[in-house]
Amino acid sequence: MESDLKTLLEDARTAAAEVSARPAFEAFKARLVGPNGRLTELMKTLGNLPKEERPAAGRAINEAKTALQAVFDETLGRIEAEETAARLGPPIDPSLPVPGLARGALHPLTLVREEICRIFRRIGFSVVEGPEAETEFFCFDALNTPADHPARDLQDTFYFPESVHFGNVSRRDDERYLLRTHTSSVQIRTMLQQQPPVRIIAPGRCFRRDTVDATHSANFHQVEGLYVDRGVTVRDLKAVLDYFFESLLGKGTKTRFRPHFFPYTEPSFEVDFSAAHLSKVGSKWIEIAGCGMVDPTVFEAVGYDPEVYSGFAFGMGIERIAMTLYGVDDIRFFYQNDRRFLEQFSS
Ligand code: DAH
């Protein structure tokens with residue numbers, strides 16, 4: 001009996017290696033433990049043995065059963081693993097790019113900001129940044145904007161409560177923090193840090209208490225410009241802005257200055273452009289920027305001698321330019337992160 005069991009187990013192990021699918025596995029199992037299987041047949045002979053040999057033979061059969069079960073488990077495990085591998089297909093290389101994944105694209109406001117920076121860099125301007133949470137000094141006082149100016153009104157400006165303190169932006173005890181209403185604050189920060197000549201542009205986010213509609217957003221973007229040196233005149237200002245708008249919008253773009261008032265420039269102008277060659281713009285004049293010659297009071301606030309230096313400054317809205325360039329008629333599209341809108345700007 002014991003040698004029969006031993007052969008049976010050896011045969012089973014050899015045969016198991018050949019079994020590679022479930023039907024074959026079931027047949028293999030049946031040949032051993034089915035109603036007419038080899039082990040079943042052996043068990044039937046147990047009764048023919050002399051009484052004293054039966055217990056040992058019974059134990060041997062039980063051991064053989066356990067060993068066989070291990071062979072079955074192992075074989076079935078292997079078949080299952082092969083089935084799973086077949087379902088998954090060839091091995092996956094996780095370092096490969098995902099097929100069909102769309103390439104990301106820059107946001108239209110980023111595209112316009114970068115283009116503006118490229119143009120000004122070509123003519124010697126460097127790009128600087130300032131904090132979005134500002135103090136009244138940088139946003140207003142140093143820019144000759146008196147306490148009763150409407151821009152300083154609670155209705156127009158987001159102020160922070162007294163208890164808030166920004167570690168990276170120091171303030172005097174009698175000042176409040178606010179979300180900057182324009183990028184002009186960066187003019188002051190730059191001039192306090194360096195001596196003329198100054199040629200900078202400062203792109204960035206600004207905030208005003210505006211009711212949101214197709215042309216207003218409480219959160220928008222500007223680019224500030226500042227040029228200070230000896231003997232700078234309005235002609236330089238006009239030449240730089242002409243160069244800029246022609247580079248941005250193409251040959252044939254015109255600009256015009258209209259007299260205006262800003263507290264930090266004297267004289268001050270509003271700038272319009274027209275670009276008849278652009279079908280989205282046509283020959284109408286579109287207001288696009290504010291500018292002027294830096295007011296001597298501003299130079300005094302930063303310790304520049306207005307008798308020695310003169311300069312010009314300008315500021316413009318990035319959204320306005322992007323809307324004109326791309327023919328976008330609602331400012332809210334820029335902030336909704338709707339892929340149907342954003343995908344139109346991918347190249
Ligand atoms: N700060 C102005 C605004 O937000 C724009 C501006 C006008 C900036 C004249 C300037 C400037 O630098 O000289 O509307």
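This is a predicted model: local features need pLDDT of at least 70, side-chain atom pairs count only at pLDDT 80 or more; totals for chains, interfaces and linings use all residues.
Let's start with two helices. Helix α1 covers residues 2-18 and helix α4 covers residues 54-88; their axes are 10 Å apart and meet at an angle of about 5°. Angles under 35 degrees count as roughly parallel, and α1 and α4 are therefore roughly parallel to each other. If you want to see who touches whom, look on the α1 side for residues including Leu5, Leu8, Leu9 and Ala12, and on the α4 side for residues including Ala60, Ile61, Leu68 and Val71. Sorted by class, this contact between α1 and α4 has 13 nonpolar residues, three charged ones and one polar one.

Now for the rings. Across the whole structure, a search turns up 22 aromatic pairs. Take Phe166 and Tyr177: their ring centres are 4.9 Å apart and their planes stand at 90°, so this pair is edge-to-face. The two partners are eleven residues apart, with Phe166 in the loop between α6 and β3 and Tyr177 in strand β3, and their pairing links distant parts of the chain. Phe166 counts as partly exposed, at 22% relative accessibility, while Tyr177 is buried at 1%.

Another edge-to-face pair is made by Tyr326 and Phe345, with 4.8 Å from centre to centre and 70° between the planes. Tyr326 belongs to helix α10 and Phe345 to the segment after α11, so the pair ties together parts that are 19 residues apart in sequence. Here Tyr326 is partly exposed, with a relative accessible area of 28%, and Phe345 is buried, with 15%. There's also a whole cluster linked by ring pairs: Phe120, Phe125, Tyr227, Phe244, Phe245, Phe273, Phe312 and Phe314.

The charged end of Arg176 sits over the ring of Tyr159, 3.8 Å from its centre. Arg189 lies over the face of Phe138, at 3.8 Å from that ring's centre.

Leaving out residues up to four places away in sequence, Ser185 touches Phe138 along with Glu134, Cys139, Leu143 and Arg180. Is Ser185 buried or exposed? Its relative accessible area is 0%, so Ser185 is buried.

Lys284, in strand β8, is partly exposed at 49% relative accessibility.

Finally, have a look at the backbone. The peptide bond from Pro196 to Pro197 is cis, with omega near 0°, and Pro197 lies in the loop between α7 and β4. A cis bond also joins Glu266 and Pro267, with omega about -5°; Pro267 is in strand β7. Then there are two asparagines to find. Asn144 isn't a glycine, yet its phi is positive, about 60°; this residue is in the loop between α6 and β3 and is partly exposed at 28%. Asn337 has a positive phi as well, about 55°. Its place is in the loop between α10 and α11, and at 55% relative accessibility Asn337 counts as exposed.

How values were computed: Residues are numbered from 1 along each chain as its sequence is written. Side-chain values use heavy atoms; hydrogens and water are left out. Axes are lines fitted to C-alpha atoms, for helices over the stretch in contact, and angles run from 0 to 180 degrees between N-to-C directions. Helices (H or I, at least four residues) and strands (E, at least two) are DSSP runs, numbered from the N terminus. Angles under 35 degrees count as roughly parallel, over 145 as roughly antiparallel, 65 to 115 as roughly perpendicular and the rest as oblique. Contact means heavy atoms within 4.5 Å. Ala, Val, Leu, Ile, Met, Phe, Trp, Tyr, Cys and Pro count as nonpolar, Asp, Glu, Lys and Arg as charged, and the others, Gly among them, as polar. Rings of Phe, Tyr and Trp (its six-membered ring) pair if their centres lie within 6.5 Å; planes under 30 degrees apart count as stacked, over 60 as edge-to-face and the rest as tilted. Buried means under 20% relative accessible area, exposed over 50%, partly exposed in between (1.4 Å probe, protein chains only). A charge sits over a ring if NZ of Lys or CZ of Arg is within 6 Å of the ring centre and within 35 degrees of the ring normal.
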